[in-house]
Amino acid sequence: KEVKNEIIRKELIMLMISVLKIIIFLVAFLLFLVKLNINISGILASLGIGGLAIALAAQTTLSNFFGLVKMISDKSFSQGDWIQTKDIEGTVIEVGFISTKIRTFDNALITIPNSTLANTPIKNWNKRVVGRRIKMHVGLTYSSNMQDVKNAIQDITTMLKNHKNIATADKIDYKSSISNDYKKEQRLLSIDDKYGIKSTLLVYLDKMSDSSIDILVY
């Protein structure tokens, strides 16, 4: 269950802490210079020119920082989520100021720059609400008559509709699965698609294979 009221996420807290540390360090450094009777007005005046040079030198770092901001605002994933990209799949261990650490299922640790991850299509398996979709074929022999095939399709459909672990429209509790504001949102978009709670149950004769009559179960 996704808790919508959890506005302040762990990544945002870490970002705020990192920014606060930098501000505290800069203020403490300037106060230290003042304590040594060093005129800091010249230093502050030079920040205009020096800041440009620093910005050019730290272009990659700034890109990673804004990548972090983008991921937080998009709510692409959170720490502990199981995510998958074109090249990487694993559990998010830490979303840092510059990079994100992912533990793969073979127990390797991968560090990805935030700018790279922010511009990569991400599949978040933890965003599922009612499980995952299953697709398979059930093969019947060619000796089966058409009535047997129809009975098999009907029996499979009935079994799936009554199975407690198969999601169907009448089993989904919308109010507990999604936020309390779902009634307001459904006026503007498809709630089923946004929260991944669409229930599609299909059982029908799909194709005639070389050695079997195939029933698609989706």
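User: How many helices and strands does the secondary structure of the protein come to?
Analyst: The structure shown is a predicted model, and the count therefore describes that prediction, with helices and strands taken as DSSP runs. On this basis, the secondary structure of the protein comes to 8 helices and 8 strands.

User: Is S115 buried or exposed?
Analyst: S115 lies in helix 4, which spans residues 114-118. Its relative accessible area is 15%, and buried means under 20%. S115 is therefore classed, by this cut-off, as buried.

User: With which side chain does the side chain of S115 make a polar contact?
Analyst: Leaving aside residues up to four places away in sequence, S115 touches S63, N64 and G67. Among these neighbours is N64, and a polar contact, at 2.8 Å, joins the side chain of S115 to the side chain of N64.

User: Which residues does T85 touch, not counting residues up to four places away in sequence?
Analyst: T85 sits in the loop between strand 1 and strand 2, the latter covering residues 89-95. With a relative accessible area of 13%, T85 is buried. Setting aside residues up to four places away in sequence, the residues that T85 touches are L117, T120, P121 and I122.

User: What is the phi of K75, and where does K75 lie?
Analyst: K75 is partly exposed, with a relative accessible area of 42%. The residue is found in the loop between helix 3 (59-74) and strand 1 (82-84). Although K75 is a residue other than glycine, its phi is positive, near 55°.

User: Why does N107 count as exposed?
Analyst: N107 belongs to the loop between strand 3 (99-104) and strand 4 (109-113), and it has a positive phi of about 75° although it is not a glycine. Exposed means over 50% relative accessible area. N107 counts as exposed because its relative accessibility is 57%.

User: Among contacts between residues at least 6 apart in sequence, what percentage join residues at least 24 apart?
Analyst: The pairs considered here are contacts in the protein between residues at least 6 apart in sequence. Of those contacts, the share that joins residues at least 24 apart is 56%.

User: What percentage of the accessible surface of the protein belongs to carbon and sulfur atoms?
Analyst: Buried residues make up 26% of the 218 residues in the protein. The accessible surface of the protein comes to about 15,100 Å², and the part of that surface belonging to carbon and sulfur atoms is 59%.

Notes
Residues are numbered from 1 along each chain as its sequence is written. This is a predicted model: local features need pLDDT of at least 70, side-chain atom pairs count only at pLDDT 80 or more; totals for chains, interfaces and linings use all residues. Side-chain values use heavy atoms; hydrogens and water are left out. Helices (H or I, at least four residues) and strands (E, at least two) are DSSP runs, numbered from the N terminus. Buried means under 20% relative accessible area, exposed over 50%, partly exposed in between (1.4 Å probe, protein chains only). A polar contact is a pair of N or O atoms within 3.5 Å; within protein, one must be able to donate a hydrogen and the other to accept it, and residues adjacent in sequence count only if both atoms are side-chain atoms. Contact means heavy atoms within 4.5 Å. Accessible areas come from the Shrake-Rupley method with a 1.4 Å probe; for residues, only the protein chains shown count as cover.
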